[in-house]
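Student: Hey, can you walk me through this one? I'd like the overall picture and then some single residues.

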Amino acid sequence: MPMYRIQLKQGSRTIVNHLEADTWEDILNFYNSVSTMQVSEILEVKYSNDSKPPIDDFNYKKLFKALIRNEESHISRQIILHNIKTTVSLKDIYQYIKQYLKINGKKVDGVLVTLFRS
């Protein structure tokens, strides 16, 4: 049975819950029946790892920020990455962005306006 991530909003308050149901419509109908909060997002959880997270040894670069771009559609998106491995260079990050990420279903052509904080 699928697990869903549900984002609910009311006023300035936002809550995220995780529930199992047969369909996302069942989740929406459930919250519309029992809650005054507005369901703003329902996502199916495709991966979850409940194992113990690694100890924070502070052996990483703190932050990477950039704009990634698709030239064909002239669309840019901001990407923010935290706790970058010390063995990963800027060139590596650019390569991984182009290899794995998309913008509106199209490949990433360029990385603009980079900030790297150690």
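This is a predicted model: local features need pLDDT of at least 70, side-chain atom pairs count only at pLDDT 80 or more; totals for chains, interfaces and linings use all residues.

Tutor: Let's start with the whole chain and then go residue by residue.

Student: Okay. How many helices and strands are there in the chain?

Tutor: The chain has two helices and eight strands.

Student: What pattern does the chain follow along the sequence?

Tutor: Along the sequence it reads β-β-α-β-β-β-α-β-β-β. The chain is also more spread out than a compact globule, because its radius of gyration is 19 Å, well over the 13 Å that the globule rule gives for 118 residues.

Student: What box do the C-alpha atoms fill?

Tutor: Roughly 50 × 40 × 30 Å, along the principal axes.

Student: And how many of the 118 residues count as buried, in percent?

Tutor: In this chain, 22% of the 118 residues are buried. The accessible surface is about 9,000 Å². Carbon and sulfur atoms hold 51% of that surface.

Student: What about contacts between residues 24 or more positions apart?

Tutor: Take the contacts with a separation of 6 or more. Residues 24 or more positions apart make up 51% of them.

Student: Switching to charges. How many positive and negative side chains are there?

Tutor: There are 17 positive and 13 negative side chains. The centres of the two sets are 11 Å apart.

Student: Now the rings. How many aromatic pairs does the count give?

Tutor: It gives three aromatic pairs. One of them joins F30 and Y31, and it is edge-to-face. Their centres are 5.2 Å apart, with 80° between the planes.

Student: Why edge-to-face?

Tutor: Planes over 60 degrees apart count as edge-to-face. F30 and Y31 have 80° between their planes, so the pair gets that label.

Student: Are those two buried or exposed?

Tutor: Y31 is buried, at 8% relative accessibility. F30 is partly exposed, with a relative accessible area of 43%.

Student: Why does Y31 count as buried?

Tutor: The cut-off for buried is under 20% relative accessible area. Y31 has 8%, so it counts as buried.

Student: What does N17 touch?

Tutor: Setting aside neighbours within four places in sequence, N17 contacts Y4, R5, I6, L8 and Y31. So you meet Y31 again here, because it is on that contact list.

Student: Where is N17? And how far is it from Q7?

Tutor: N17 belongs to strand 2. N17 and Q7 are ten residues apart in sequence, and their C-alpha atoms are 6.6 Å apart. N17 is partly exposed, at 27% relative accessibility.

Student: Where does I15 sit?

Tutor: I15 is in strand 2, which covers residues 13-20. At 23% relative accessibility, I15 is partly exposed.

Student: Which residues does I15 touch?

Tutor: I15 touches I6, Q7, L8 and M37, leaving out residues up to four places away in sequence. L67 is another matter: I15 and L67 are 52 residues apart along the chain, with 28 Å between their C-alpha atoms.

Student: Let's go to the start. Where is M1?

Tutor: M1 lies in the segment before strand 1 (3-10). M1 is exposed, at 65% relative accessibility.

Student: What does M1 contact?

Tutor: Beyond its neighbours within four places in sequence, M1 contacts E20, A21 and D22. M1 and E20 are 19 residues apart in sequence, yet 6.5 Å apart in space, C-alpha to C-alpha.

Student: New topic: phi. What is the phi of H74?

Tutor: H74 has a positive phi of about 60°, although it is not a glycine. H74 sits in the loop between strand 4 (60-70) and strand 5 (75-85). H74 is exposed, with a relative accessible area of 57%.

Student: And the phi of N104?

Tutor: Phi of N104 is near 50°, a positive value in a residue other than glycine. The loop between strand 6 (102-103) and strand 7 (106-107) holds N104. N104 is exposed, at 53% relative accessibility.

Student: Last one. What does L81 touch?

Tutor: L81 is in strand 5. Not counting residues up to four places away in sequence, L81 touches K62, L63, F64 and I93. L81 and K65 are 16 residues apart along the chain, with C-alpha atoms 6.5 Å apart. L81 is partly exposed, with a relative accessible area of 29%.

Notes:
Residues are numbered from 1 along each chain as its sequence is written. Side-chain values use heavy atoms; hydrogens and water are left out. Helices (H or I, at least four residues) and strands (E, at least two) are DSSP runs, numbered from the N terminus. The radius of gyration is taken over C-alpha atoms; the globule rule is 2.2 Å times the number of residues to the power 0.38. Buried means under 20% relative accessible area, exposed over 50%, partly exposed in between (1.4 Å probe, protein chains only). Contact means heavy atoms within 4.5 Å. Accessible areas come from the Shrake-Rupley method with a 1.4 Å probe; for residues, only the protein chains shown count as cover. Lys and Arg count as positive and Asp and Glu as negative; His and the chain ends are not counted. The place of a charge is taken as NZ of Lys, CZ of Arg, CG of Asp or CD of Glu. Rings of Phe, Tyr and Trp (its six-membered ring) pair if their centres lie within 6.5 Å; planes under 30 degrees apart count as stacked, over 60 as edge-to-face and the rest as tilted.
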